[in-house]
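Please study the sequence and the structure before turning to the solutions.

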Amino acid sequence: MRWENDLAPAHVAKSTKDWFTKKQLEVLAWPANSPDLNVIENLWAIVKRKIRDRKPTTLDQLKQNIATAWEAVSAETCDKLVKSMPRRLQAVIQAKGAATKY
């Protein structure tokens, strides 16, 4: 199995490297500032915006806020994100792999 490594400090720690070695995972080099085309990142951003102004004081409140926000994401929103992939890919191609608005 392969794993992408963007060289973030947590990803290059000795303990992380040892874990990958133990699990026999091949680590692929990945540009640190490469565009993130995974739509789950966009979904997390939506959830974060929905809970931004809430001020949970316990872990249980935080979990509930996240669950409530996640459940409020519509199927239409998910569909739009998936359908945006061709535009995202084209933007990365045009930017020659550099950052895009996505």
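The model is a predicted one, in which local features need pLDDT of at least 70, side-chain atom pairs count only at pLDDT 80 or more, and totals for chains, interfaces and linings use all residues. Residues are numbered from 1 along each chain as its sequence is written, and side-chain values use heavy atoms, with hydrogens and water left out.

**Exercise 1. Overall composition**

Task: State how many helices and strands the protein chain has, and in which order they run.

Solution. Step 1: helices (H or I, at least four residues) and strands (E, at least two) are taken as DSSP runs and numbered from the N terminus. Step 2: the count for the protein chain is 6 helices and 2 strands. Step 3: read from the N terminus, the order is β-α-α-β-α-α-α-α. Step 4: for burial, a residue is buried under 20% relative accessible area, exposed over 50%, and partly exposed in between (1.4 Å probe, protein chains only). Of the 102 residues in the protein chain, 19% are buried. Step 5: contact means heavy atoms within 4.5 Å. Among contacts between residues at least 6 apart in sequence, 57% join residues at least 24 apart.

**Exercise 2. Helix α3 and its cover**

Task: Compare the span of α3 with the expected span, and name its buried residues.

Solution. Step 1: the expected span of a helix is 1.5 Å times one less than its number of residues. Step 2: α3 has 13 residues, and the expected value is 18 Å. The distance from its first C-alpha to its last is 19 Å, close to that value. Step 3: the buried residues in α3 are Val39, Asn42, Leu43, Ile46, Val47 and Ile51. Step 4: the cover over these buried residues includes α4, α5 (75–83) and α6 (85–94).

**Exercise 3. Two helix pairs**

Task: Describe how α3 packs with α4, and how α5 meets α6.

Solution. Step 1: axes are lines fitted to C-alpha atoms, for helices over the stretch in contact, and angles run from 0 to 180 degrees between N-to-C directions. Step 2: the axes of α3 (residues 39–51) and α4 (residues 59–71) come within 9 Å and cross at roughly 120°. Step 3: a crossing is left-handed if the near helix is turned anticlockwise from the far one by less than a right angle, and right-handed if clockwise. The crossing of α3 with α4 is right-handed. Step 4: on the α3 side, Ile40, Leu43, Trp44, Val47, Lys50 and Ile51 take part, and they meet Asn65, Ile66, Ala69 and Trp70 of α4. By class, this contact has 8 nonpolar, 1 polar and 1 charged residues. Here Ala, Val, Leu, Ile, Met, Phe, Trp, Tyr, Cys and Pro count as nonpolar, Asp, Glu, Lys and Arg as charged, and the others, Gly among them, as polar. Step 5: the axes of α5 and α6 come within 5 Å and cross at roughly 35°. Leu81, Val82 and Lys83 of α5 make this contact with Met85, Pro86, Arg87 and Arg88 of α6. The residues of the contact of α5 with α6 divide into 4 nonpolar, no polar and 3 charged.

**Exercise 4. Salt bridges**

Task: Find the salt bridges of the structure and state how many there are.

Solution. Step 1: a salt bridge is a side-chain nitrogen of Lys or Arg within 4 Å of a carboxyl oxygen of Asp or Glu. Side chains of opposite charge can pair when their charged atoms come close. Step 2: the structure holds 3 salt bridges.

- Lys14 pairs with Asp18, with the closest N and O atoms 3.0 Å apart. Both lie in helix α2 (residues 14–22), 4 residues apart.
- Lys80 pairs with Glu76 at 3.4 Å between the closest N and O atoms. Both lie in α5, 4 residues apart, and both are exposed.
- Lys83 pairs with Asp79 at 3.1 Å, N to O. These two also lie in α5, 4 residues apart, about one turn of the helix.

Step 1: an α-helix has 3.6 residues a turn, so residues three or four places apart point the same way. Step 4: Lys14 is exposed at 62% relative accessibility, and Asp18 is partly exposed at 40%. Lys83 is exposed at 56%, and Asp79 is partly exposed at 37%.

**Exercise 5. A loop residue**

Task: Locate Gln24 and describe its phi angle.

Solution. Step 1: Gln24 lies in the loop between α2 and β2 (26–29). Step 2: Gln24 has a positive phi of about 55° although it is not a glycine. Step 3: with a relative accessible area of 70%, Gln24 is exposed.
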